[in-house]
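Biologist: Could you walk me through this structure? I would like to start with the ligand and then turn to the aromatic rings.

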Amino acid sequence: WLPLDRAVVRLVEARAKESEGVDMERSVGDKVIMLVQGDITEMETDAIVNAANAQLVLGGGVAGAIRTKGGPEIQEECDRIGGTHVGGAVVTTGGRLKARWVIHAVGPRWGEGDEEEKLRQATLNSLRRATEKGMRSVAFPAISTGIFGFPKDLCAKIMLDTVLRFLAQEETSVERVVFCLWSPEDLNLFQETLQAL
Ligand code: AR6
């Protein structure tokens, strides 16, 4: 991991945000990364990111929750798109979700090869799709760490590092990136990883 510019990246306390369920936040210039624990389908960000497969067929985990709460039109839009490569990301509307958009990011299956770079690309392409649509806030799950079997500690390093660099270095409309982690253990892991980066 390349050292980050600590003048640009500054750690702040959760403080007032605690009441909103934000467990940690870190500012990157005038942008912010937040860590929360919960169900990503309840997030009110402009987009939530789906942990998708290359066929864009919504299965279990995050995808199943999105299908159940968002309604059938999300799968219908995915069917019209047809699919994308591992590491790619495509946008549909959010159906009946609180989020206006869903960004379907295809993470790697652990063991298929080149997994780290593919997870980095899936994260980066999600942020690029968000930028193309002028989105200001995006919520990510821990992509690939459920059904796809990617180690969680490595996922936390790659996804947090990718988001930090993107917010620090690229022109973007995105002002707020939230990681919505499913369990308290996952939240702890992401907190420790973000503190160490
Ligand atoms: N909110 C936030 N995080 C969640 C939620 C939720 N509602 N549900 C699960 N997680 P997974 P993958 C966590 O399996 O590994 C599907 O069949 C979960 O604990 O959703 O990328 C798709 O259609 C884990 O840490 O995604 C694909 O075929 C993380 O989200 C395949 O699974 C990702 O778990 C994708 O597998």
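Predicted model: local features only at pLDDT ≥ 70, side-chain atom pairs only at ≥ 80, totals over all residues.

Biologist: Which residues come nearest to the ligand?

Modeller: Here a residue is near if one of its heavy atoms lies within 4 Å. There are 22 residues around the ligand. Those that come nearest are Gly59, Gly60, Val62, Thr145 and Gly146.

Biologist: What distance separates the polar side-chain atom of Thr145 from an oxygen atom of the ligand?

Modeller: A polar contact is a pair of N or O atoms within 3.5 Å. Backbone examples include Gly59, with a polar atom 2.8 Å from a ligand oxygen, and Ile40, with one 2.9 Å from a ligand nitrogen. For the side chain of Thr145 and a ligand oxygen, the value is 2.7 Å.

Biologist: How are the planes of Trp110 and Phe150 arranged?

Modeller: The structure holds three aromatic pairs, where rings of Phe, Tyr and Trp (its six-membered ring) pair if their centres lie within 6.5 Å. Planes under 30 degrees apart count as stacked, over 60 as edge-to-face and the rest as tilted. The ring centres of Trp110 and Phe150 are 5.0 Å apart and their planes stand at 75 degrees, so this pair is edge-to-face.

Methods:
Residues numbered from 1 in each chain as written. Heavy atoms only, no water. Polar contact = N/O pair within 3.5 Å; in protein donor to acceptor, adjacent residues only side chain to side chain.
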